[in-house]
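Here is a model to read through by question and answer. Each answer sets a value beside the rule that gives it its name.

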Amino acid sequence: MAALQQITVDALKRSESQLAVQWHADLESSGATRNLKPEDIRQQVADFLRLLTSALEKGGSVNITTAEWDEVRHFLEKLSSQRALAGQDSQQTASFIFALKGPLFAQLQRDLADQPALVAEQVMQISELLDGLGLHTIRTYQKSREAVIKRQQEELLELSTPVVKLWDGVLALPMIGTLDSQRTQVVMESLLQRIVDTGAEIAIIDITGVPTVDTLVAQHLLKTVTAIRLMGADCIISGVRPQIAQTIVHLGLDLQGVVTKANLADALALALRRLGVTITKAV
Amino acid sequence: MERIPILQMGDFLLVTIQVDMHDQLALTLQDDLSERISRTSARGVLIDISALDMVDSFIGRMIGMISGLSRIMDAETVLVGMQPAVAITLVELGMTLPGVSTALNVERGMKLLRERAYSQ
């Protein structure tokens, strides 16, 4: 594979500032700079050109996985994760690199106007190089986006399992969303820990927000109930909607000795009765 | 040899497990406890496992067996202070300890024991 000719590198170096201006203008017109600060873009453009020429001078080939390209790759990784956090999409992020092609090719054509064959060859090489860099940018962009999604998922998991205190000695856990094994684990842990911390005698699990109950969900519920019983507290399941009750019966599920109530109010009333608390209306 | 102390409080026996249970210790406890129940004709046994933060299936089974043998010897058994991690482990192991009474702490356990033992 033919490397970039020295003449191209020289051309790049000579016209760095010119290229930067042209590149920046192209970025602006393509809309890739939306939501970004102009001075940041200018800085990134200048930094990238500097890193690119220094990598080429160090003898970097078209293969961007070599050590000469380390700095450039790091720069692009940082850049794409910044873009991901700023909410830019992958096209906008990738255009940062691809927009350099236009000005660079134009420059080469001007500089080597008398050698069309060389221009064509060098354009090929540069194109390959910039494509590689662009793809690397997209890959890291994707990675940072995935990290963001993963973090949000974890936060959602934490948020979706609030244990609330209803009364002295009564805890409630309103479950919302589907119950899978991972969530059951988180739910179980947080509920059991709260039981230890508060010394609550009764825990109410409200499943009004659980869309469907199948055998697996029922099994998870039973596990939680058993763990609570082993700890020495009682558990009431509330919010069993008519459809869910029908499903449970149709599936032939055995909720062995689990106390179930139609709604949270009934469950709280039962809990208070067990605690020996009576509520009366003030006349 | 290492032993788990069994304390007598009136009609009840109190077993506090403060060390990591290993298999031999559990077997010794089972022997000692059945011996003590028959000697003191205790009405109830309270087993405090609040310091136990790790169980395996053998210890889980021993706990079940200890409470089973106490019941046969006419002594109510209450298991108190199980840690969340222990409860989750036992459930995942499929050991739900049916028939074992549980309570959150020693105080509630004693209350439960008194109710059970004197209501008979």
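Predicted model: local features only at pLDDT ≥ 70, side-chain atom pairs only at ≥ 80, totals over all residues.

Q: What makes a stretch count as a helix or a strand, and how many does chain A have?
A: Both are DSSP runs numbered from the N terminus: a helix is H or I with at least four residues, a strand is E with at least two. By that rule chain A has 11 helices and five strands. Chain B has four helices and five strands, in the sequence order β-β-α-β-α-β-α-β-α.

Q: What makes a residue buried, and what share of each chain is buried?
A: A residue is buried if 20 or more other C-beta atoms, placed from the backbone, lie within 10 Å of its own; 12 or fewer makes it exposed, and anything in between partly exposed. Buried residues are 30% of the 283 residues in chain A and 36% of the 120 residues in chain B.

Q: What makes two residues a contact, and what share of the contacts in chain A with a separation of 6 or more joins residues 24 or more positions apart?
A: Two residues are in contact if their C-beta atoms, placed from the backbone, lie within 7 Å. In chain A, 78% of the contacts with a separation of 6 or more join residues 24 or more positions apart; in chain B the share is 79%.

Q: Why are β1 and β2 of chain A called paired?
A: Two strands pair if DSSP finds at least two bridges between them. Three bridges join β1 (residues 164–167) to β2 (residues 170–176) of chain A, so the two strands pair, and they run antiparallel. A:Val164 stands opposite A:Ala172 in β2(A). The hairpin has two residues between its strands, and A:Gly169 takes a positive phi near 95 degrees there.

Q: What makes β1 and β5 of chain A edge strands?
A: The open sheet of chain A has the order β1-β2-β3-β4-β5, with mixed pairing. β1 and β5 (259–260) each pair on one side only. Two bridges join β4(A) to β5(A), which run parallel, and A:Val259 in β5(A) is the bridge partner of A:Ile236.

Q: In what order do the strands of the chain B sheet lie?
A: Five strands form an open sheet in the order β1-β2-β3-β4-β5, and the pairing is mixed. β1 (6–9) and β5 of chain B are the edge strands. Five bridges join β3 (residues 44–48) to β4 (residues 76–80) of chain B, which run parallel, and B:Leu46 has B:Val78 as its bridge partner in β4(B).

Q: How do you know that the length of helix α9 of chain A agrees with its residue count?
A: The expected span is 1.5 Å times one less than the number of residues. For the 17 residues of α9(A), residues 215–231, that gives 24 Å; the end C-alpha atoms are 24 Å apart, so the two agree. Just after α9(A), A:Gly232 takes a positive phi of about 100 degrees. Buried residues of α9(A) include A:Val217, A:Leu221 and A:Met231. In chain A the buried residues of α9(A) pack against α8 (181–198), β3 (202–209) and β4 (234–238), and in chain B against α3 (84–92) and β5 (101–103).

Q: Which helix gives the most to the side of chain A that touches chain B?
A: Here 15 residues of chain A are in contact with 14 residues of chain B. α9(A) gives the most to the chain A side, with six residues.

Q: What makes a group of residues a nonpolar core, and which residues of the largest one touch the most other members?
A: A nonpolar core is a set of buried Ala, Val, Leu, Ile, Met, Phe, Trp, Tyr and Cys residues joined through C-beta atoms within 7 Å. The largest has 64 residues, of which A:Ala203, A:Ile204, A:Met231, B:Val45 and B:Ala87 touch the most other members. Its largest share, seven residues, comes from α9(A). Another core, of 25 residues, lies apart from it and includes A:Leu27 and A:Val72.

Terms used. Residues numbered from 1 in each chain as written. Chains lettered and ligands numbered in written order.
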